[in-house]
Every structure is written in structure tokens, then in C-alpha cells.
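This report describes selected helices and residues of one protein model. Please keep the sequence and the structure in view while reading.

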Amino acid sequence: MLSWKKLAFTFVLLGLFYQTHWKRLFVGSYLAVMVIAGLVAVPLWLADLSIRSGREPGIFMTNYASQSMAFIAAVVCCIFLLRQQLSLKHKYLLYGVIALFIVNIFFISPARSGYVAFPFAVIFAAGCVYGYKKLLPIIAVTGSVMLVAILCSSTLQQRTQTGLTEKAAYQTSGELTSIGVRVIFAKNTLSLIKEHPVLGYGTSSFKSTYSRYAAAQYSGWRGTSTSDPHNQYLFVWLENGLIGLLLFFAYIYTAIRQGLNSQPYGVIAASFLVAVCATSLFNSHFKTFPEGNLLAFFVGILLAQRNVETKESP
């Protein structure tokens, strides 16, 4: 029954957020909350403290991937605000806030999703805000930030090395690993897709279809049942076929185009959507994780608008 709460969200969006004033309040409020979150995370990380059971030091949201993606959305908001008419003092403050978020994304959080999402979000957002004639400098600056993070962050280095090791050893590993199981999920899902590529197996069929196939092909952890292949596009393709996948791409294209046409706040929604699209090659962030709810709020709030313009009386 909790799923019905989404109806309440719909009425809030329709009733409030088609107005620019409420979009501005949403962006400002979200950014303020994320600044507080970033300031809380740093001392916890430095002190090697975990305030939630089973979480890494400095991670206090649902999980490290959710926390990292929340900061990605906040970085996009900062890039948008930098283009507004601000004093030099406020711009320097925003640069400092971006630095705070970068520390959280690359140094505190072990989420590889954040490492992938960051360059896509920043390049797309900055390109929209500053113009694509400045794309090369934007790529250069983003690449420089990534390079510094790669060279200086032991968290990023460790997570990257672990991922490469797990991928190389997935065929011989005696235990389930994060990357190894994703490779198995992808191989099995692609094999199933080849049998029904156009129409798929039907909505909500993934778990039963995949589980039977994996159990017949493998033993041990490789035969693990799952309802999610950790790849949004493979999930949609298996269940709804090529037709469903094309419709999914059409949704993404429409939302991004609407974001680019809904200036100025739509750019934030479009940029975060691009970041989620990038990470969804390795996760199902549209449907199975809190990132999907966060994306829904950003897209719903920042793209909300009236269908019919009403003339005000003189």
C-alpha cells in the first residue's frame, strides 16, 4: 500500500512545482541539505566512525551508492547556480561547496557508480550552461579533476583495483564478488535475450526466467537467482524485448529534450538523468535503488509545467 504515496507526490508536483519560484526553492533547499550532509560526512570519515551499522565511515544514507549519487545531483545544482548573477564571494563559496562534494564522491564514498556518473553529469551540465563551444575546456577541467582524484584517493584506487581483479577472476573465483556476479548476470541475460529478442518474456518475468536458466547452467554462486541483472537496459530488454527497450530510450530522449527546452531548471534534471543513464550500465538505478526515487523527484519537479497558458486579467 505504500506505493500509493506516489499519487500524493503527483498532486504536489502538479500543484506547486510548475512555478519557477518553487523550483528555485527546491534547488536551494536540496543544496543546503547536501552541504550539511557533506560537512557531517567529512569528520566521520576522518575519525573512522560509522554511525549506522554495516556502513563505511562517513556513509550515513541508505548506502554508499545512494549517498554518492545524491552528491552528484548536488554538484549539478552548483554548476547551474554558478551561471546565475552572483557576487564573486558567492561564486567562490560555490566552488568550495563543489570541492566538498568532490571529496565526498571520490575520497569518502567507495561507490564506483559515483566515479562513473561524475564526468557525465559535469560535462553535460557545464556544456548546457556555458555552451558547447566551450566543450573542450570543460572536458579538460573535468579530466583534470578526475586525474587528481585517481592519483590522490586511496579509496578510488582500491575500489578500482578490486573491480578489475574481480572481473579478471570471475570464472575461477570460489566466492561471489560484486563485479564477478555482474559479469555472470550479463552473460546469462544476453543468452536469454537472444532467444526472444523482439518481444521479450513479459513484464515481471525476469526473476523466474533468469533463475531457471542460471540454475541449469551453473552451480554454486554462478547459479544465484536474481530479480535484477544490475544493468537497467538488459533488464528492460529481457522483459519487454527490443520494442520495450526502444520505448525506454524514447522516454529518456524525451525527458532530456524536455529538460533542455525547459530553461533554466530543466538542465539540472537532464544532467542528472544523463548521469543515471551512465551508471545504469552497471546498476538498475531507474527502478531498484533509492537513486530511482531521487531521479523521479528531480525530473518531476524540474520539468513540471502547465500544459495550457492562462492569460492574467489586466
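The model is predicted, so local features are given only at pLDDT of at least 70 and side-chain atom pairs only at pLDDT 80 or more, while totals for chains, interfaces and linings use all residues. Residues are numbered from 1 along each chain as its sequence is written, and side-chain values use heavy atoms, without hydrogens and water.

## Two helices and their spans

Helices are DSSP runs of H or I with at least four residues, numbered from the N terminus. The expected span of a helix is 1.5 Å times one less than its number of residues.

| Helix | Residues in helix | Expected span | Distance between end C-alpha atoms |
|---|---|---|---|
| α9 | twelve residues | 16 Å | 16 Å |

A residue is called buried at under 20% relative accessible area, exposed at over 50%, and partly exposed in between (1.4 Å probe, protein chains only). Buried residues of α4 include Leu94, Val97, Ile98, Leu100 and Phe101, and also Asn104. The elements that cover the buried residues of α4 include α2 (20-46), α3, α5 (112-130), α6 and α7 (154-168).

In α9, the buried residues are Phe206, Thr209, Tyr210, Ser211, Tyr213 and Ala214. Contact means heavy atoms within 4.5 Å. The buried residues of α9 pack against α8 (178-195) and α10.

## A helix pair

How do α3 and α11 cross? The axes of α3 (residues 64-82) and α11 (residues 266-279) come within 9 Å and cross at roughly 145 degrees. Here axes are lines fitted to C-alpha atoms over the stretch in contact, and angles run from 0 to 180 degrees between N-to-C directions. From α3 the contact is made by Met69, Ile72, Ala73, Val76, Cys77 and Phe80, and from α11 by Ile268, Ser271, Phe272, Ala275, Val276 and Thr279. By class, this contact of α3 with α11 has ten nonpolar residues, two polar residues and no charged residues. In this scheme Ala, Val, Leu, Ile, Met, Phe, Trp, Tyr, Cys and Pro count as nonpolar, Asp, Glu, Lys and Arg as charged, and the others, Gly among them, as polar.

## Single residues

Thr142 is part of helix α6 (residues 135-152). Because its relative accessible area is 4%, Thr142 counts as buried. Its side chain reaches the backbone oxygen of Ile138 at 2.8 Å. Apart from neighbours within four places in sequence, Thr142 contacts Phe118, Pro119, Val122 and Ile123.

Leu135 also belongs to helix α6. With a relative accessibility of 27%, Leu135 is partly exposed. Leu135 and Val145 are ten residues apart along the chain, and their C-alpha atoms are separated by 15 Å.

Ser280 lies in the loop between α11 and α12 (290-303). Is Ser280 buried or exposed? Ser280 is buried, with a relative accessible area of 0%. The side chain of Ser280 reaches the backbone oxygen of Val276 at 2.8 Å. Residues up to four places away in sequence aside, Ser280 touches Asn231, Gln232, Tyr233, His285 and Phe286.

Gly223 is placed in the loop between α9 (206-217) and α10 (232-261). Between Gly223 and Val181 there are 9.6 Å in space, C-alpha to C-alpha, although the two are 42 residues apart in sequence. Not counting residues up to four places away in sequence, Gly223 touches Ala214, Ala215 and Tyr218.

Definitions and conventions:
Polar contact = N/O pair within 3.5 Å; in protein donor to acceptor, adjacent residues only side chain to side chain.
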